[in-house]
Amino acid sequence: MHDSVHNRRGTSLKWESNGELAGADLRNILQRLREVDPNAQGINQCDLTDRPNRD
């Protein structure tokens, strides 16, 4: 029984009052996605040098 309780630790997601997923949980989900999906490697990264000017 101890093992089944331990395996469930950390499986509940936390939500902010505005309905958004809590920052720590969002980072954890994105990290797990990047670990299994090569196409997700660029998620949550921004390269400002390639942005066009808004003049």
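Leu 13 touches Leu 21, Asp 25 and Ile 29, leaving aside residues up to four places away in sequence, where contact means heavy atoms within 4.5 Å. The structure is a predicted model, in which local features need pLDDT of at least 70, side-chain atom pairs count only at pLDDT 80 or more, and totals for chains, interfaces and linings use all residues. Residues are numbered from 1 along each chain as its sequence is written, and side-chain values use heavy atoms, with hydrogens and water left out.

As for the overall fold, the protein has two helices and zero strands; helices (H or I, at least four residues) and strands (E, at least two) are DSSP runs, numbered from the N terminus. Of the 55 residues of the protein, 11% count as buried. Here buried means under 20% relative accessible area, exposed over 50%, and partly exposed in between (1.4 Å probe, protein chains only). The accessible surface of the protein is about 5400 Å², and carbon and sulfur atoms account for 48% of this surface. Such areas come from the Shrake-Rupley method with a 1.4 Å probe, and for residues, only the protein chains shown count as cover.

Leu 13 sits in the loop between helix 1 (2-8) and helix 2, and Leu 13 counts as partly exposed because its relative accessibility is 42%. Between Leu 13 and Ala 24 there are 9.4 Å in space, C-alpha to C-alpha, and the two are eleven residues apart in sequence. Trp 15 belongs to the loop between helix 1 and helix 2, and Trp 15 is exposed because its relative accessible area is 54%. Together, Leu 13, Trp 15 and Ile 29 form a nonpolar patch on the surface with about 310 Å² of accessible area. Patches are made of residues with over 30% relative accessible area and no salt bridge; like charges are joined within 9 Å, and nonpolar side chains (Val, Leu, Ile, Met, Phe, Trp, Tyr) within 5 Å. Thr 11 is also found in the loop between helix 1 and helix 2, and at 55% relative accessibility Thr 11 counts as exposed.

Asp 25 is placed in helix 2 (residues 23-36). The C-alpha atoms of Thr 11 and Asp 25 are 9.7 Å apart in space, with the two residues 14 apart in sequence. Beyond residues up to four places away in sequence, Asp 25 touches Ser 12, Leu 13 and Lys 14. Although buried, Asp 25 has no salt bridge, and the nearest side chain of opposite charge, Lys 14, is 4.7 Å away. A salt bridge is a side-chain nitrogen of Lys or Arg within 4 Å of a carboxyl oxygen of Asp or Glu; Lys and Arg count as positive and Asp and Glu as negative, while His and the chain ends are not counted.

Arg 34 counts as buried because its relative accessible area is 19%. The side chain of Arg 34 does make a polar contact with the side chain of Gln 31 (3.0 Å). A polar contact is a pair of N or O atoms within 3.5 Å; within protein, one must be able to donate a hydrogen and the other to accept it, and residues adjacent in sequence count only if both atoms are side-chain atoms.

Finally, Ala 40 is in the segment after helix 2 and is buried, with a relative accessible area of 4%. Ala 40 touches Leu 33 and Arg 34, not counting residues up to four places away in sequence. Ala 40 and Leu 30, ten residues apart in sequence, are 8.4 Å apart in space, C-alpha to C-alpha.
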